[in-house]
Amino acid sequence: MRGLWNLTWLEIKIFVREPLGFVGTIIMPVLVFVALGRMMGGRIDSSERLRGYVGADLPVLIVMLIALNAVLSLVTIIAIYREGGILKRLRATPLRPHTILTAHVLVKLLFSVLTLMLMAAAGRRFYPVALDVPWLSFTAALLLTTISILSIGFLVASLVPTARFAQPIGSVLFYPMLGVSGLFVPVESLPSALQTASHVMPLTYAVSLLHGIWVGEAWSAHLGDVAVLVLVFAICTALSARVFRWE
Amino acid sequence: MSAPAAIQAQGLRKRYGATLAVDGVSFDVQDGEIFGLIGPNGAGKTTTMECVEGVRTPDEGRITVLGLDPVRDAYRLQLRVGVQLQEAQLQKRIKVREAVALWASLYRASVDPRQLLEQLGLGDKRDAWFMTLSGGQKQRLFIALALINDPELVFLDELTTGLDPQARRAIWDLVRGIRARGKTVFLTTHLMEEAERLCDRVAIIDHGRIVDIDSPAGLVRRHCPERTVLVTTADLEAEARLRLVPHVIVTRGDAGVVAIRGEADDLMTGVIQCLADHRIRVTDFRTVMPTLEDVFLKLTGHSVRG
């Protein structure tokens with residue numbers, strides 16, 4: 001993994017220089033979150049249902065959106081790097097291919113964690129809901145989920161023809177998955193066709209795991225979710241290793 | 001015994017779908033020379049070069065680069081060669097010095113990055129983003145990246161394409177500098193003037209096949225030996241007198257221009273001698289030498305710009 005830290009650090013600096021990148025992916029979501037909290041601060045206290053939502057559903061929604069955002073931007077960056085010949089140029093150096101890709105995953109993970117920490121701090125400050133969350137377990141669940149979703153993103157990045165299609169294809173693929181994942185509507189309340197769809201979508205298991213661990217359920221109750229996410233990671237990584245194109 | 005060849009390529013073939021991009025290409029690049037692969041776009045230059053670099057695997061053929069197999073020993077070879085790829089880009093917002101520092105960190109040996117940038121005239125661009133560089137500056141940065149590990153062999157693919165003549169000349173000087181430090185240079189170009197001025201030897205490639213290999217002067221001598229002297233004179237006797245020079249064809253053009261064509265080495269001496277002997281007053285005297293461009297046209301039947 002020669003050069004991994006150099007490359008990762010460099011990509012972090014480059015990302016921060018992107019005028020829309022830093023503000024769009026980190027500052028904006030946090031600001032919206034803070035503004036919402038201020039606007040409905042009083043109502044959360046008085047409404048039991050709202051409190052339940054803010055205490056469990058909203059955090060998982062936020063986490064999933066941040067993870068998806070990271071995946072979509074990863075897909076786009078890989079596509080841009082491929083189209084511009086940057087990947088090809090990097091490949092003609094002693095950098096190993098997986099080093100280049102790992103560096104990008106690390107950058108995405110880092111900024112996702114940063115956004116989440118800001119969100120958590122803002123939630124504590126602006127949302128009058130006491131959270132009793134097993135943070136360590138949740139972090140582990142989040143890491144597993146994110147890496148699993150990133151591997152799907154990688155497979156997409158390996159297949160998209162051009163940078164122009166990367167973002168739309170990624171969105172078309174991921175947002176419907178998110179729609180039936182139980183994040184907005186409980187899976188049991190979906191029409192039966194969508195329920196079937198839901199059960200074959202990896203994001204459903206991600207949401208189930210994150211939500212379960214967040215509300216304090218045991219890992220043993222979610223072994224199925226973990227198995228699916230690990231399997232997805234293994235399959236997507238193996239497939240993208242075969243079909244990944246450098247130019 | 002001659003010096004060992006830096007590159008030996010034997011019978012390379014590479015097919016893309018139905019097209020045979022490289023069709024049985026063989027050549028050697030000697031240690032310490034500038035060797036050019038020349039031909040029109042789509043002739044198979046870049047594919048051949050990328051096979052030699054190990055970026056691409058040929059369907060058939062044997063390649064040895066610095067005694068190594070470019071595919072099997074890719075990582076060992078990468079430490080000893082420098083590569084500039086056609087139409088490469090870097091991250092838009094990477095700074096010049098960051099790119100050079102990253103590259104330097106990847107190799108065991110590296111030259112002083114600051115000094116290298118100075119040499120390539122990028123000293124005052126160290127903190128500039130890649131996207132703000134001009135075409136010539138980008139090319140010079142890519143040359144810097146190709147040289148950062150003090151390589152024994154440098155690959156340059158169409159390195160002056162899209163540059164203005166001035167930037168082009170500056171890059172030619174840089175490439176000669178690389179050779180002067182004892183390195184071997186393997187380059188491709190579709191610019192015949194570039195090949196003629198820069199290369200010790202060239203291989204002409206067309207439709208995936210090598211047509212001939214020699215020094216530019218050698219190719220011209222063998223394939224287009226005919227030179228032309230153009231004399232402008234008001235002397236009406238001139239044409240008849242010049243016909244007396246041995247082994248020449250003389251034709252009369254417009255505005256008193258007489259063209260004397262011949263293949264002999266002493267063509268010019270003969271013409272000058274004749275003009276002096278007969279006291280023919282000339283107002284203009286020009287020689288037209290065939291170029292690599294003419295050789296290319298003769299050998300392939302079409303212009304390199306095709």
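How many bridges join strand S6 of chain B to strand S7 of chain B, and do these strands run parallel or antiparallel? The count is five, and strand S6 (residues 153-157) and strand S7 (residues 184-189) of chain B run parallel. One such pairing can be picked out by eye: B:Leu156 has B:Leu187 in S7(B) as its bridge partner. All of this is read from a predicted model, and the predictor gives the complex an ipTM of 0.80 and a pTM of 0.82.

That pair of strands belongs to an open sheet of six strands in chain B, ordered S5-S6-S7-S3-S8-S9, with mixed pairing. At its edges sit strand S5 (81-84) and strand S9 (209-214) of chain B, each of which pairs on one side only. Direction ignored, neighbouring strands here are turned by 15° against each other on average. Helix H5 (residues 135-147) of chain B packs on this sheet, where it touches S5 and S6 of chain B. The direction of H5 makes about 160° with that of S5(B).

Chain B also holds an open sheet of three strands, with the order S2-S1-S4 and antiparallel pairing. Strand S2 (19-30) and strand S4 (60-65) of chain B are the edge strands, each pairing on one side only. From one strand to the next, the twist averages 15°. Nine bridges tie strand S1 (residues 5-16) of chain B to S2(B), and these two run antiparallel. To find the pairing on screen, look for B:Tyr16, which stands opposite B:Thr19 in S2(B). A helix accompanies this sheet too: helix H1 (residues 45-53) of chain B lies across S1, S2 and S4 of chain B, and runs at about 120° to S1(B).

As for confidence, chain B has a mean pLDDT of 90, and 98% of its residues reach 70 or more. Among the elements of chain B, strand S3 (residues 34-38) has the highest mean pLDDT, at 96, while strand S11 (residues 249-252) has the lowest, at 85.

Chain A is built from helices: there are ten of them and zero strands. Read from the N terminus on, its elements simply go α-α-α-α-α-α-α-α-α-α. The C-alpha trace of chain A spans about 60 × 40 × 30 Å along its principal axes. How does the radius of gyration of chain A sit with that of a compact globule? With 247 residues, a compact globule would come out near 18 Å, and chain A has 19 Å, so the two agree.

Finally, there is the place where the chains meet. The contact draws 17 residues from chain A and 20 residues from chain B. On the chain A side, helix H1 (4-17) and helix H4 (86-91) of chain A each supply at least two residues. H1(A) gives the most to this side, with five residues. By type, the residues of chain A that touch chain B divide into seven nonpolar, five polar and five charged.

Technical notes: Residues numbered from 1 in each chain as written. Chains lettered and ligands numbered in written order. Predicted model: local features only at pLDDT ≥ 70, side-chain atom pairs only at ≥ 80, totals over all residues. Contact = placed C-beta atoms within 7 Å. Helix = DSSP H or I, 4+ residues; strand = E, 2+ residues; numbered from the N terminus. Nonpolar A, V, L, I, M, F, W, Y, C, P; charged D, E, K, R; others polar. pLDDT = per-residue confidence, 0-100. Pairing = 2+ DSSP bridges. Axes fitted to C-alpha atoms, helices over the stretch in contact; angles between N-to-C directions. Rg over C-alpha atoms; globule rule 2.2 N^0.38 Å.
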